[in-house]
Amino acid sequence: MKLLQETIEQRGTIINEDILKVDSFLNHQIDCDLMEAMGKDFAEHFKDMGITKVVTIESSGIAPAVFTAKELHVPVIFLKKSEPSTMKNPVFTEAFSFTKNKKYTLCMERQFLQEDDNVLFIDDFLANGQAFLSAENLIHQCGAKVAGIGIVIEKSFQKGRSEIEAKGYQIYSLARIKKMAPNHIEWAE
Ligand code: 5GP
């Protein structure tokens, strides 16, 4: 997506060859016009796949997931990083944070996904694929199916795509980074 690539080039910061900071439009301050355009792009790509729910992980996946779900006219569920005392029937899974380099637990209320649900997973970044694999575990614990994966920024030089594709899933990424160097991003494709 050209608009996203331009925004990353103009407003993103390359922290090092592995980590990109995009807190001026996605991870802290949110550019709603850009989110809307991304939501339309994801929805157009997945519109014929019978999506019934969009699932993401708090907090940075929520904005793109909401704009996508709005276009598809389905609910969005965000997986939580701490268990609220009000949860009635939670399901849990272990996850590993790429940016914090530590384990954490994800949970969700079981009743929000049923066996006939066809899930679109949306996230802000794809690095090694751990976030998706943890979400997949929760989705499967509820008996639902993953129909597709939409990623805002894929770092194609990390192993996430190949690990996830090896499991038979389709990934659609709006921007794919082949390589990062100080002040320069090389795009895949
Ligand atoms: P994975 O689980 O695929 O290894 O990493 C994906 C998750 O780690 C995303 O949900 C995102 O929060 C975080 N992440 C991975 N790479 C980056 C990055 O370069 N920049 C930022 N801001 N977050 C990242």
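Helix 2 and helix 3 of this predicted model pack with their axes 8 Å apart, at an angle of about 50°.

**Where the two helices meet**

- The crossing of helix 2 and helix 3 is right-handed.
- From helix 2, the contact is made by Cys 32, Met 35, Glu 36, Met 38, Gly 39, Lys 40, Phe 42 and Ala 43.
- Helix 3 contributes Ala 63, Pro 64, Phe 67, Thr 68, Glu 71 and Leu 72 to the contact.
- By type, the residues of this contact divide into 9 nonpolar, 3 charged and 2 polar.

**The largest nonpolar core**

- The largest nonpolar core has 31 residues, and those touching the most other members are Leu 4, Ile 8, Leu 20, Val 54 and Ile 153.
- At least two core residues come from each of helix 1 (2-11), helix 2 (32-46), helix 3 (62-72), strand 7 (118-126), strand 8 (145-155), strand 9 (171-181) and strand 10 (184-187).
- Helix 2 supplies the largest share of this core, with 6 residues.

**A closer look at Leu 4**

- Leaving aside residues up to four places away in sequence, Leu 4 touches Phe 25, Leu 34, Met 38, Val 152, Leu 174 and Ala 175.

**A second core**

- A separate core of 25 residues has Ala 95, Met 108, Ile 139 and Ile 151 among its members.

Technical notes:
Residues numbered from 1 in each chain as written. Predicted model: local features only at pLDDT ≥ 70, side-chain atom pairs only at ≥ 80, totals over all residues. Heavy atoms only, no water. Core = buried A, V, L, I, M, F, W, Y, C linked by side-chain atoms within 4.5 Å. Buried < 20%, exposed > 50% of the residue type's maximum accessible area, 1.4 Å probe, protein only. Helix = DSSP H or I, 4+ residues; strand = E, 2+ residues; numbered from the N terminus. Contact = heavy atoms within 4.5 Å. Axes fitted to C-alpha atoms, helices over the stretch in contact; angles between N-to-C directions. Left-handed = near helix turned anticlockwise from the far one by under 90°. Nonpolar A, V, L, I, M, F, W, Y, C, P; charged D, E, K, R; others polar.
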